[in-house]
Amino acid sequence: MYMTVAEKRKRSRRIWTLIILSVLIFCTFTYSVNAGYSKLPFLEVIKSFFGMADAGTQLIVTEFRLPRIVIALLVGAGLAVSGTILQGISGNGLADPGILGINNGAGLAVMLYISFFPSTMDVPVLFMPLVGFIGAILTAFVVYGLSYSRSEGLLPNRLLLTGIAVAAAIAALITLLTVRLDPQNYQRYAEWMAGNIWASSWQYVFALLPWLVVLGTFAFMKVKTLDVLSFGDQVATGLGVRVEREKFVLLIVAVGLAAACVSVSGGIAFIGLIGPHIARKLVGSAHRWVMVTAALSGGLLLLLADTIGRLIIQPSEIFAGIVVAIIGAPYFLFLLAKAK
C-alpha cells in the first residue's frame, strides 16, 4: 500500500518510540536486578543468568529478584492494556481499573476467601487469578449497570462517579472484614492491598502469563473495533459494529486482565490511567500502536516504581503501589481539572 511522506515519518516515529521504550525497560531491568539491600558484582549477576554464579548469588538473583522484576513488567503491561480498553469503550480518558473499583472488587473476593477459609490462606497459585476475576467481574457488572442508560447508552461521567462510589463502598466492606483475620493474615492482606508485588516467585509468573497471553492477544485483535468505537456509538453502529455486544466483550477482557494482575501484585492503581495517556501522547490515537506502547509504558512505570521503592529507604522498602499512587494521584487530579 502506498504511503505518503508524512505517513512514513509518523510510522518511523512510532517504531522508534517502541524501540526507545524497549531499551529503557532493558536498562531498568538490568539495574533493578542489582537494586536491593544485598549488592552484587555486575559480573556475578550476568553469570547467574547462565547458572555460573555461586549458590548465594544464584539464589538472590534467580529466585528472589528476577521473578519480582518479571511480575512487575507483566502486571504493569496488563493493567495498562486494561486501562486502554476501558478508556476506549467508555469514551472517558479517566477510566482505570483501580478508579472504577475493579481492583477493589478483586481484592474483596480474595478477602472473603481468606476470611471464611483462613486455613487456606495459601490459595493454590493457579486459582488466585480466578478468585480475583470473580470479584472483579461482579464489580464491573454493577458499575456498568448503574452507568448505562437505555436511551443514551454508557454514560462516561456517570461511569467515573459510579466507579469511585463502588470502590469506596468495597474498601469500607474490606476494612470491616479484616476484623475476622488474625494479625499475621491481616498484615499480609494489608500489604497486598498496598500493592507490594507480594507474589515474587516463578510459580506466580506462570500463573499470570496465560491470562495475559490469551486476553492480551484477543485485545490486540480488537484494536480496529476500539478505533471505530472512538468515533461514538452512532457512527460505530452505522459502520456495522454491534456496539453493546463489542463493549461487553471488551469489558470482560479488560476486567480479566486487571483481576489477573491484581491477584498477584496487590492493589496497584493508576497504571491503567497513566499508561494509555503516555501512549497517546507518543504515538497518536490508533489503538494498534496505543495498546503496544501502553503495555511497554505500563511495564516500565511499575518496574521503575518497584525499583525506587526498594532503594529509597533501605533496608526497608516502599511498596510499588504507594510509589505509583504518589505519581498517579496528582496526574489524575490534573486530568480531572482539564476535563470538560
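Biologist: Does Asp 306 count as buried or exposed?

Modeller: Buried means under 20% relative accessible area, exposed over 50%, and partly exposed in between (1.4 Å probe, protein chains only). Asp 306 has 0% relative accessibility and therefore counts as buried. This is a predicted model, in which local features need pLDDT of at least 70 and side-chain atom pairs count only at pLDDT 80 or more, whereas totals for chains, interfaces and linings use all residues. Residues are numbered from 1 along each chain as its sequence is written, and side-chain values use heavy atoms, with hydrogens and water left out.

Biologist: Which residues does Asp 306 touch, and in which helix does Asp 306 lie?

Modeller: Contact means heavy atoms within 4.5 Å. Leaving aside residues up to four places away in sequence, Asp 306 touches Arg 68, Ile 197 and Ala 320. Asp 306 lies in helix H13; helices (H or I, at least four residues) and strands (E, at least two) are DSSP runs, numbered from the N terminus. Of the 25 residues of H13, 18 are buried, so H13 is largely enclosed by the rest of the structure.

Biologist: What span should helix H8 have, and how far apart are its end C-alpha atoms?

Modeller: The expected span is 1.5 Å times one less than the number of residues. For the 20 residues of H8 (202-221) this gives 28 Å, and the end C-alpha atoms are 28 Å apart, which agrees. Leu 208 is one of the buried residues of H8, which pack against helices including H3 (55-90) and H13 (287-311).

Biologist: Which residues does Val 75 touch?

Modeller: Val 75 lies in helix H3 and is buried, with a relative accessible area of 1%. Not counting residues up to four places away in sequence, Val 75 touches Leu 208, Cys 261, Val 264, Ser 265 and Leu 302. Val 75 and Gly 299 are 224 residues apart in sequence and 6.9 Å apart in space, C-alpha to C-alpha.

Biologist: How is a pair of helices described, and at what angle do H5 and H6 cross?

Modeller: Two packed helices are described by the angle between their axes and the distance between the axes. The axes of H5 and H6 (residues 156-177) come within 9 Å and cross at roughly 140 degrees. Contacting residues include Val 142 and Leu 146 of H5, and Leu 159 and Val 166 of H6.

Definitions and conventions
Axes fitted to C-alpha atoms, helices over the stretch in contact; angles between N-to-C directions.
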